[in-house]
Amino acid sequence: MANSFHIVVCASIVPDPLQTLEPAAGPAGSGLKNEMMLPAVLDPWAAAGLYEAANLAAKHPGSKVWLVSLGPKAKLQQVLMTVAQKVPFELVAIDGPLGGFTDAHSTAAALAEAIAAIPGLDREHLLLFGGWESASRGAGVTLQTTGERLGITDQFQGVDQITVNEDGSFEVLERVEGGKHQVSVCTGAPAVLGWATGNLPEPRNSPQVGMANMRGIMPALQKAKNVKLDANGLSYISVSLPKQKRETRLVKDMPEDEIAREIVAWIEE
Amino acid sequence: MEKILVLTHVDESGAALTGASLESVAAGVEFAGLLDATLVIGIVGAQTEAAAQQLAGASARVLSVSGEAFAQARYASDAAACEALCRAAEPTLVFAPASSRFARVIPGVAYRLGGFADTHITALAKGDGLTASRSFYRQRVEAVVRRETRPWFLLLEGGTRAPYSAAAGQVQPEPVAVTLPPLRTNVTGTRAPSQGEQTIRPDAKILLVAGAGWTKKQPDGQVHGAEAEALILGFLHLTGASLGSSKSLVDQGGENQSVLKFMTHLNQIGQTGATPRHAKGLSTCCHGEEPHVVGWRFINERRAINLDANCGWARGKADVLYVADAFKVMAKVNALLAEKK
């Protein structure tokens, strides 16, 4: 097991970024109109974490990747049909509510319980990956709290790079203010890494990887435990779309010189 | 009765509180008055005596955690420091700046204290108790929330209120002891990824966004990457602007396509990137679709240059859309700016 890792990636599913969102109040509280009908994708930052996890596992023989995701089973199945073709992983599914208005602390409790119950997971070699925020709730709370619940006190957020050294220690680049990275060296797993974009492009679809993954995904979805998420005293007084409409002045057929003068004058205002 | 603790930390100089910390202090002072609450301020840093003087006149008890271990922005030591300050102050409400240092640890600290954290708070108000505003779905939905449970931790976004300005007087912080866990992480420094070229300037008045169009074939059938680089860097040098990009352009770098060499994922604006705050924004060669424009939520005045009159910017997302060739316009903009230097 020298320099091998058990990498657990927490990833939610979120509405496709191209979809128009409209808040709507439902029987379960705040939500989005036609939420279950909206096309969904794996959360982009968590997806970066998944691709980095697969890349790391490929470089360190003996490593293994689990994807832990909480959402309605039907929706998870839809999204995972695509995600499964990207990189090898074993799915741990949790059947629960979708959306950004659920409480992050309850989500973390459900994730931590599911991770702790993964058979054969070596907590001494555990790297807990995920997005530093989601594209739904966007709180940046779930991963830290999940890590705390699992007793992990080496945590990194806004991660763009991990480099493992021969002795098992690793260097992490985290985003900090001013467009810089903070460089840290950790003596080794266990650790929590909340990923920003990382540096890897989205892997190409691989039918072979997809077929291998799907053999485990369907049974995992069938045995997904249903959870209810407590609001923990959180209530929504109002939920609305931001007022963003502007009266756009369309400038056509203006010579470039004139456009440039107008822009420079505007910059100098 | 509420008891407010404002958590703060020192800046890179080690002698002053960060601007975002002072904004949180201002929020603490304001809401201690509005909610008739008591106010405690906690400072984390290697040295805290000098920074504490910035809190003079705040009518608050000031606690501090100091020592070499707290010079580093590291989860294990920062979480232990914040936990100790919270246990010493026993607050019902905790305000903290949404800096990278505190955003990393506050949710974990809330869990240790049996509390709950809400983040990216852009406004606080007194309604029936304290309410907080924040965005969901990457600034595409806004909500006002309230929590009945305590302690309630609120990470306040920077740039949303004026920083606290100290009055005359001396502040003597009370030291708080911390039991540190074994420290397995060492922060070795910071690294700028842009090959010596500073392209991200959070304090700039203007944001220049470069879209994927800069690396597409131009009317002569050729890609003009070098020219695009020169135009963009020229504009940055002449105006001190900050540079943003669309995801598609940044991704090209990872796929070894024609790229702007100074562009990294840190420049990415939008659904999967940053949401910076600048007074003005100029978009070039970018289509202005929703996933990108969500990153412009806090850009006040917006102008765009695009060859497509039906692009996203024309649909109420920019104040002015110039339907023109950005290569030609930016060359002339740079020439005019250079003349004025």
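Let me start with strand E9 of chain B, where Trp152(B), Leu154(B) and Leu156(B) point one way while Phe153(B) and Leu155(B) point the other way, and where all of these residues are buried. Please keep in mind throughout that this is a predicted model. Taking the strand as a whole, 5 of the 5 residues of E9(B), residues 152-156, are buried, so the strand is largely enclosed by the rest of the structure.

Which strands pair with E9(B)? One is strand E4 of chain B, residues 93-97, which pairs with E9(B) in the parallel sense over 5 bridges, and within that pairing Leu155(B) is the bridge partner of Ala96(B). Another is strand E5 of chain B, residues 116-121, whose pairing with E9(B) is also in the parallel sense, over 4 bridges, and here Phe116(B) has Trp152(B) as its bridge partner. If you follow Trp152(B) on the screen, then, you will find a residue that is buried and that is also the bridge partner of Phe116(B).

Next I would like to turn to a sheet that draws on both chains. Its 4 strands form an open sheet in the order E14(A)-E8(B)-E7(B)-E6(B), with antiparallel pairing. From one strand to the next, the twist averages 30 degrees. At the chain B end of that order, E6(B) is joined by 5 bridges to strand E7 of chain B, residues 129-136, and the two run antiparallel; in this pair, Leu124(B) stands opposite Ala132(B) of E7(B).

Chain A has 6 helices and 15 strands, and its C-alpha atoms fill a box of roughly 65 × 50 × 40 Å along the principal axes. Of the 269 residues in chain A, buried residues make up 50%. If we consider the contacts in chain A between residues at least 6 apart in sequence, 78% of them join residues at least 24 apart.

How many residues does each chain bring to the contact between them? Chain B supplies 78 residues and chain A supplies 74 residues. On the side of chain B that touches chain A, the residues divide into 38 nonpolar, 20 polar and 20 charged.

There are also pairings of individual elements across the two chains. Strand E15 of chain A, residues 249-251, is joined by 3 bridges to strand E16 of chain B, residues 320-323, and these strands run parallel, with Val251(A) opposite Tyr322(B) in E16(B).

The contact involves, among others, Ile259(A), Ile263(A) and Val264(A) from H6(A), and Val329(B), Val333(B) and Leu336(B) from H8(B). Counted by type, the residues of this helix contact divide into 8 nonpolar, no polar and 5 charged, with Glu256(A), Asp257(A) and Lys328(B) also taking part in the contact.

Conventions. Residues numbered from 1 in each chain as written. Chains lettered and ligands numbered in written order. Predicted model: local features only at pLDDT ≥ 70, side-chain atom pairs only at ≥ 80, totals over all residues. Buried ≥ 20, exposed ≤ 12 C-beta atoms within 10 Å, placed from the backbone. Pairing = 2+ DSSP bridges. Axes fitted to C-alpha atoms, helices over the stretch in contact; angles between N-to-C directions. Contact = placed C-beta atoms within 7 Å. Nonpolar A, V, L, I, M, F, W, Y, C, P; charged D, E, K, R; others polar.
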